[in-house]
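Here's a quick briefing to read alongside the model.

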Amino acid sequence: MAGALHRSLAGPAVEILARYPEGRQRSAVMPLLRLAQEQDGYITEAAVEEIGGIVGLSSAEVVAVASFYTLFHLKPKGRHVISVCQNIACTMAGAEEIIEALEQELGIGSEGETTPDGAFTLERAECLATCEIAPCIQIDHDAMVKVTPASALALLEELRSVPSPDGPGAAPRWAAPRQASDPRSA
Ligand code: FES
């Protein structure tokens with residue numbers, strides 16, 4: 001990710017740091033990470049260095065914070081991020097079949113890989129907190145429940161049919177959680 005574009009945080013950092021009492025400004029690492037991701041699409045190496053310099057942390061410490069939270073991305077993501085829950089309830093309800101169907105359709109693996117056109121990232125997730133209506137997937141920030149391989153592919157088609165503006169995370173928003181409809185049962 002060296003050389004990736006990064007917009008300076010120096011301006012907004014002044015206002016963000018002012019929210020914290022003297023001596024507590026390391027806590028600003030979180031809003032600065034969030035801002036960097038909003039601006040650059042993901043947390044670039046340049047952003048890590050700049051944030052570390054602003055709040056007085058090493059780059060390793062900034063990366064440690066960013067990598068703890070799944071909402072922060074340390075490498076580029078597709079416009080749509082599909083996360084399939086691989087925890088026990090979803091696995092027992094067929095999550096692996098969903099992952100296999102999506103891997104085949106997208107032509108990528110499920111360990112955070114992104115399609116060459118930058119449209120989709122496919123990843124495995126831990127419990128998405130809707131275990132009772134498993135299996136569950138999350139598309140960008142929206143939960144889909146009782147998903148089947150066929151309904152997952154139908155969701156994919158739905159995403160493909162909606163022209164997305166440029167930029168990570170740009171996606172049609174659904175009321176969550178939404179039950180994915182299986183075209184075979186229509
Ligand atoms: S195990 Fe999948 S949502 Fe909890």
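**A strand pair**

Strand 4 (residues 137-139) and strand 5 (residues 142-145) pair up antiparallel over three bridges. Strands pair if DSSP finds at least two bridges between them, and strands (E, at least two residues) and helices (H or I, at least four) are DSSP runs numbered from the N terminus. This is a predicted model, where local features need pLDDT of at least 70 and side-chain atom pairs count only at pLDDT 80 or more, while totals for chains, interfaces and linings use all residues. Residue numbers start from 1 along each chain as its sequence is written.

**More on the hairpin**

- Ile 139 sits opposite Asp 142 in strand 5.
- Two residues lie between strand 4 and strand 5 in their hairpin, where Asp 140 takes a positive phi near 55°.

**Helix 2 and helix 3**

- The axes of helix 2 (residues 29-40) and helix 3 (residues 45-55) come within 10 Å and cross at roughly 150°.
- That makes the two helices roughly antiparallel (angles over 145 degrees count as that).
- On the helix 2 side, Val 29, Leu 32, Leu 33, Ala 36 and Asp 40 meet Ala 47, Ile 51, Ile 54 and Val 55 in helix 3 (contact means C-beta atoms, placed from the backbone, within 7 Å).

**Ala 60**

- You'll find Ala 60 in helix 4 (residues 59-68).
- Is Ala 60 buried or exposed? Ala 60 counts as exposed because it has 9 C-beta neighbours inside 10 Å (exposed means 12 or fewer, buried 20 or more).
- Val 48 is 12 residues from Ala 60 in sequence and 8.6 Å away in space, C-alpha to C-alpha.

Note on methods. Axes are lines fitted to C-alpha atoms, for helices over the stretch in contact, and angles run from 0 to 180 degrees between N-to-C directions. Angles under 35 degrees count as roughly parallel, over 145 as roughly antiparallel, 65 to 115 as roughly perpendicular and the rest as oblique. Two residues are in contact if their C-beta atoms, placed from the backbone, lie within 7 Å.
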